[in-house]
Amino acid sequence: MITNNEDNNVTVLDTKTHEQVTTIPTGKGPHGFRVSADSKFAYVANMSEDTISVLNLETMKEDGKITVGQTPVTTAVTNDGQTLIATLNAENAVAIVDLKDGSSVKVPVGNGPAQVFVQSDNKYAIVANQGTEENPSNSISKIDLSTQQVVATIETGKGAHGVVTNKDNSRIYVTNMFENTVSVIDNQENKVITQVKVGTTPNGISFTP
C-alpha cells in the first residue's frame, strides 16, 4: 500500500504480480500509516486535515474517518487492534484512540512529533519528536499505554524522526534527521548507548530479527 499525498488516496499493489489492485480515497494529504496485526484495517494519517482514514482491506474501501487533531503525521496500532495512536505534529501531542468506543485522549509530548511505534508487548508507545530544521527537537517520548502518561523523555540527536524497537523491546533505534545519526537506546535504562553515523537526512527505520 502506498499513500499518494497530493492525490488524496492510497494505491494497493499485489505483491506477487506487482500489479495495481485498486486505489482507495482517503482524506487530504495522506502520509504515514500502519496496518492492524490481523491485516484487516489500515489507519492512514491525513496531514492536511485532522483525521485518520480507516481503510477496510477486505472491501478495499474507507470505512470512515476518526477526528484526532491538527496535522497527524503517522499512526500506530496495538497488536490486539483496540488502541490507535496518532502523532499530532502541530499540537506537540499524540492522540490515543479507543477503537472499540471511539473515545480519545491527547497526551503532550515533545516539539513536532513525527513517527510513533508501539513495542510488541503493547506496553509503551515511543514517539520521535522532530521539531523543524530551523528549530529541531532532540528527544523521544515514552508513553505508558496503561496510564496514558509519558514516563520518560530521552535525549537523542537533532530531528528525531523514525523510531523502532527490536524484537524483545530491549533497544530503541531512532533516526536523527538533522545530524545524520541513529541513536541506540537502552529501553530499560532510558538512555542512549551509542550514536551511529549514517547517511544524509535519515528518515524511516526498520528492524529485522
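Predicted model: local features only at pLDDT ≥ 70, side-chain atom pairs only at ≥ 80, totals over all residues.
Let's start with the overall build. How does the radius of gyration of the protein agree with that of a compact globule? For 209 residues, a compact globule would come out near 17 Å, and the protein has 16 Å, so the two agree. Of the 209 residues, 47% count as buried. The accessible surface comes to about 10,100 Å², and carbon and sulfur atoms account for 44% of that.

There is a bit more to say about the chain as a whole. Take the contacts between residues at least 6 apart in sequence: 32% of them join residues at least 24 apart. As for charge, there are 15 positive and 23 negative side chains, and the centres of these two sets lie 4 Å apart.

You'll find N9 in strand β2, which covers residues 9-13. Is N9 buried or exposed? Its relative accessibility is 16%, and buried means under 20%, so N9 counts as buried. The side chain of N9 makes a polar contact of 2.7 Å with the side chain of N4. Setting aside residues up to four places away in sequence, N9 also touches several others, among them T23, I24, P25 and T26.

Hold on to I24, and jump along to K106. These two are 82 residues apart in sequence, and their C-alpha atoms are 28 Å apart in space. K106 sits in strand β11, residues 104-108. With 47% relative accessibility, K106 counts as partly exposed, because that category lies between the 20% and 50% cut-offs. Which side chain does the side chain of K106 meet in a polar contact? The partner is E91, at 2.8 Å. Beyond its neighbours up to four places away, K106 touches V68, G69, L88, E91, V94 and A95.

Next come two loop residues with an interesting backbone angle. M60 is in the loop between β6 (51-56) and β7 (61-67). Its phi is positive, about 60°, although M60 is not a glycine. M60 counts as partly exposed, because its relative accessibility is 26%. Further along, Q148 lies in the loop between β14 (136-144) and β15 (149-155). Q148 is not a glycine either, and its phi is positive too, near 55°. With a relative accessible area of 29%, Q148 is partly exposed.

Our last stop is H161, in strand β16 (residues 160-165). Why does H161 count as buried? Its relative accessibility is 9%, so H161 falls into the buried class, which means under 20%. The side chain of H161 is joined to that of N203 by a polar contact of 2.8 Å. Leaving out neighbours within four places in sequence, the residues in contact with H161 include A114, Q115, A128 and Q130, as well as V174, T175 and M177. N203 and its neighbour G204 are also in contact with H161.

Conventions:
Residues numbered from 1 in each chain as written. Heavy atoms only, no water. Helix = DSSP H or I, 4+ residues; strand = E, 2+ residues; numbered from the N terminus. Buried < 20%, exposed > 50% of the residue type's maximum accessible area, 1.4 Å probe, protein only. Polar contact = N/O pair within 3.5 Å; in protein donor to acceptor, adjacent residues only side chain to side chain. Contact = heavy atoms within 4.5 Å. Rg over C-alpha atoms; globule rule 2.2 N^0.38 Å. Areas by Shrake-Rupley, 256 points an atom, 1.4 Å probe, with all protein chains shown as cover. Lys, Arg positive; Asp, Glu negative; His and termini not counted. Charge placed at Lys NZ, Arg CZ, Asp CG, Glu CD.
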